[in-house]
Amino acid sequence: MAGIVEADNYEGIITRIEHKSRKIESLLKQYKPVEALKTALEGSPPKTKDERCKSANWIVVHRAIMAIKDVDSLFSALDPEYYDILMKYLYRGLSTGDRPTCDQCLRIHEKLTEKAGLGCILRCLADTVNTV
């Protein structure tokens, strides 16, 4: 996908997010929170400046993040390809100021930093193209 996604593609992005949301709810009902998180992180709408798309996707990712109970086992099942995008969403969660969200994001952030190292934080903060 080259360049920034224009607003005229908003409906297509929202449709994909709604489909992803239904799949995540199904996974959570099956007690598969790590699979739900992977699904939430896949196809996150990078390279779009449309805040409606970013917010809709954040809601889906937030639902999956909050369902994680065993943070230690999360990283034994989560592939490294998800680390950087997860870090971006953790910072978005911290920016909400919501106590339960911040607590969960900090727990995951600590383990993610142990697993992925400081480079993950630097890549996340330096990447101004793929914003969440």
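**Figure 1. Helices α3 and α5 in the predicted model.** In this predicted model, the axes of α3 and α5 approach to within 11 Å, crossing at roughly 95 degrees. That angle makes α3 roughly perpendicular to α5. From α3, the contact uses Lys54, Ser55, Asn57, Trp58, Val61 and Ile65, and from α5 it uses Leu86, Tyr89, Leu90, Arg92 and Gly93. By type, the residues of this contact are six nonpolar, three polar and two charged.

**Figure 2. Helices α5 and α6.** Helix α5 covers residues 83-95 and helix α6 covers residues 99-116; their axes come within 9 Å and cross at roughly 150 degrees. Angles over 145 degrees count as roughly antiparallel, so α5 is roughly antiparallel to α6. The crossing of α5 past α6 is left-handed. On the α5 side the contact residues are Tyr83, Leu86, Met87, Leu90, Tyr91, Gly93 and Leu94. On the α6 side they are Thr101, Cys102, Cys105, Leu106, Ile108, His109, Leu112, Thr113, Lys115 and Ala116. The residues of the contact of α5 with α6 comprise 12 nonpolar, four polar and one charged.

**Figure 3. Helices α6 and α7.** The axes of α6 and α7 come within 6 Å, with a crossing angle of roughly 110 degrees. The two helices, α6 and α7, are therefore roughly perpendicular to each other. Here His109, Leu112, Thr113 and Ala116 of α6 meet Leu118, Cys120 and Ile121 of α7. Five residues of the contact of α6 with α7 are nonpolar, two are polar and none is charged.

Figure 4. Histidine 109 has a relative accessible area of 15% and is buried. Not counting residues up to four places away in sequence, histidine 109 touches Met87, Leu90, Tyr91 and Ile121. The C-alpha atoms of histidine 109 and leucine 94 are 10.0 Å apart, while the two residues are 15 residues apart along the chain. Leucine 112 also counts as buried, at 0% relative accessibility. With neighbours within four places in sequence left aside, leucine 112 contacts Phe75, Tyr83, Leu86, Met87, Leu90, Gly117 and Cys120. A distance of 12 Å separates the C-alpha atoms of leucine 112 and cysteine 124, which are 12 residues apart along the chain.

**Figure 5. The largest nonpolar core and phenylalanine 75.** The largest nonpolar core contains 38 residues, and those with the most contacts inside it are Ile65, Phe75 and Leu86. Two or more residues of this core come from each of α1, α2, α3, α4, α5, α6 and α7 (118-126). In soluble globular proteins, nonpolar side chains tend to be buried together. With neighbours within four places in sequence set aside, phenylalanine 75 is in contact with Tyr83, Leu86, Ile108, Lys111, Leu112 and Lys115.

**Figure 6. Helix α2 and what covers it.** Helix α2 spans residues 33-41 and is mostly covered, with seven of its nine residues buried. These buried residues are Val34, Ala36, Leu37, Lys38, Thr39, Ala40 and Leu41. The elements that cover the buried residues of α2 include α1 (10-29), α3 (51-67), α4 (71-77) and α5. Glycine 43 follows α2 and has a positive phi, near 65 degrees.

**Figure 7. Loop residues on either side of helix α2.** Tyrosine 31 lies in the loop between α1 and α2, and serine 44 in the loop between α2 and α3. Tyrosine 31 is a residue other than glycine with a positive phi, near 60 degrees. With a relative accessible area of 74%, tyrosine 31 is exposed. Serine 44, in contrast, is buried, and its relative accessible area is 8%. Leaving aside neighbours within four places in sequence, the contacts of serine 44 are Lys20, Asn57, Ile85 and Tyr89. The C-alpha atoms of serine 44 and glutamate 81 are separated by 13 Å, and the two residues are 37 residues apart along the chain.

Terms used
Residues numbered from 1 in each chain as written. Predicted model: local features only at pLDDT ≥ 70, side-chain atom pairs only at ≥ 80, totals over all residues. Heavy atoms only, no water. Axes fitted to C-alpha atoms, helices over the stretch in contact; angles between N-to-C directions. Helix = DSSP H or I, 4+ residues; strand = E, 2+ residues; numbered from the N terminus. Parallel < 35°, antiparallel > 145°, perpendicular 65-115°, else oblique. Left-handed = near helix turned anticlockwise from the far one by under 90°. Contact = heavy atoms within 4.5 Å. Nonpolar A, V, L, I, M, F, W, Y, C, P; charged D, E, K, R; others polar. Buried < 20%, exposed > 50% of the residue type's maximum accessible area, 1.4 Å probe, protein only. Core = buried A, V, L, I, M, F, W, Y, C linked by side-chain atoms within 4.5 Å.
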